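Subject: Handover of a structure and its findings

Dear colleague,

Please find below the structure that I am handing over to you. The findings follow directly after it, and I would ask you to read them with the structure open.

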Amino acid sequence: MNSPKVINSMVAAEETSAGNLIAIAFPKSPSRAYSETVALAQRAKFYGEFHLGTKLYHSAVFGLDQTQASYAYMVVKAARDWKGTKFFTHGRILTSNYQVEEVVACYLDSFVPKDHRAHCHYIHSDLSGFKFGRRLEGRHRHLVPCRKLQGFAQHIVEDNVSTPGDAITQLAIRKNVYWCPHFKPEDYKKSVGYKDEAPEKENLLEVPLWELFKRFWK
């Protein structure tokens with residue numbers, strides 16, 4: 001499976017991460033899981049070894065398919081707490097090793113349904129403009145293309161200084177999920193399931209009593 005491309009440095013791992021799921025560089029470890037982790041890393045799309053000083057490092061770049069995601073998850077889970085382990089994606093280093101494991105696990109789960117959107121997307125209902133006695137219309141519903149942003153999507157709704165695509169991208173960066181291959185800010189939609197300007201139901205409690213009698217006796 002391995003390509004002849006050689007990942008023989010941190011820089012090479014970082015550069016090759018672009019267009020793939022994730023790149024991992026981890027050192028030789030006394031952990032009992034070390035040998036198995038190396039064997040899994042060798043099944044990556046790209047693999048290599050290099051030295052930093054006298055220390056041996058293994059580097060692996062995992063592709064986007066389900067099998068590669070499965071290998072990546074097992075390597076990330078085993079090596080994330082080893083001193084010196086680094087993760088790269090989109091040509092840049094990732095800073096939260098714990099969140100890396102969460103995102104890779106979530107991406108792997110997305111292969112279970114036939115359509116990954118069933119796993120990834122959700123509907124956010126904005127209650128900020130809701131009035132008692134009136135129907136919550138379509139303009140208050142938003143399709144958010146990442147379930148990891150659940151609970152934070154109100155920031156997108158209230159962000160008036162940028163486009164929705166930029167707002168959701170910035171939120172994904174803050175939550176460290178922007179690098180998931182399924183995350184596409186252009187999938188964001190507002191007014192899901194209804195017309196934007198659907199008429200509001202009349203609240204009879206606000207109709208004057210004489211008007212109600214007038215309607216009844218017509």
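Strand β1 (residues 22-27) runs antiparallel to strand β4 (residues 86-89), and three bridges join the two. Within this pairing, Ile24 has Phe87 of β4 as its bridge partner. Please bear in mind that the model is a predicted one.

Strand β4 also pairs with strand β5 (residues 92-94), again in the antiparallel sense and over three bridges. Here Phe88 stands opposite Ile93 in β5. The hairpin of β4 and β5 has two residues between the strands, and in this hairpin His90 takes a positive phi near 55 degrees.

These strands belong to an open sheet of five strands with antiparallel pairing, in the order β2-β3-β1-β4-β5. Which strands stand at the edges? They are β2 (46-52) and β5; each has a single partner strand, so one side of each is left without a neighbour in the sheet. On average, neighbouring strands of this sheet are turned by 25 degrees against each other, direction ignored. The partner of β2 is strand β3 (residues 55-62), with which β2 pairs in the antiparallel sense over seven bridges. In that pairing, His51 has Leu56 in β3 as its bridge partner.

Helix α2 (residues 34-41) lies across β1, β2 and β3 and runs at about 45 degrees to β3. Helix α3 packs on the sheet and touches β1, β3 and β4, while its direction makes about 35 degrees with that of β1.

Further strand pairings involve β7. Strand β6 (residues 122-125) runs antiparallel to β7, joined by four bridges, and Ser125 stands opposite Arg141 in β7. Two bridges join β7 to strand β8 (residues 189-190), also antiparallel; in this case Leu143 stands opposite Lys189 in β8.

I turn now to the charged side chains. Side chains of opposite charge can pair when their charged atoms come close. The structure holds five salt bridges.

One of them is formed by Glu101 and Lys77, whose closest N and O atoms are 3.2 Å apart. Glu101 lies in helix α4 (residues 97-109) and Lys77 in helix α3 (residues 66-79), so this pair ties together parts that are 24 residues apart in sequence. Are the two residues buried or exposed? Glu101 counts as buried, because its relative accessibility is 10% and the limit for a buried residue is under 20%. Lys77, at 46% relative accessibility, counts as partly exposed. Both residues also belong to a network of salt bridges that links Lys77, Arg80, Asp81 and Glu101.

Another salt bridge joins Lys148 to Glu102, with the closest N and O atoms 3.9 Å apart. This pair links distant parts of the chain, as Lys148 is in the loop between β7 (141-144) and α6 (154-158) and Glu102 is in helix α4, 46 residues apart. Lys148 is partly exposed, with a relative accessible area of 33%, and Glu102 is partly exposed at 32%.

Arg117 and Asp115 form a salt bridge as well, their closest N and O atoms being 2.7 Å apart. Arg117 is partly exposed at a relative accessible area of 46%, and Asp115 is partly exposed at 31%.

Yours sincerely

Notes: Residues are numbered from 1 along each chain as its sequence is written. This is a predicted model: local features need pLDDT of at least 70, side-chain atom pairs count only at pLDDT 80 or more; totals for chains, interfaces and linings use all residues. Side-chain values use heavy atoms; hydrogens and water are left out. A salt bridge is a side-chain nitrogen of Lys or Arg within 4 Å of a carboxyl oxygen of Asp or Glu. Buried means under 20% relative accessible area, exposed over 50%, partly exposed in between (1.4 Å probe, protein chains only). Two strands pair if DSSP finds at least two bridges between them. Axes are lines fitted to C-alpha atoms, for helices over the stretch in contact, and angles run from 0 to 180 degrees between N-to-C directions. Contact means heavy atoms within 4.5 Å.
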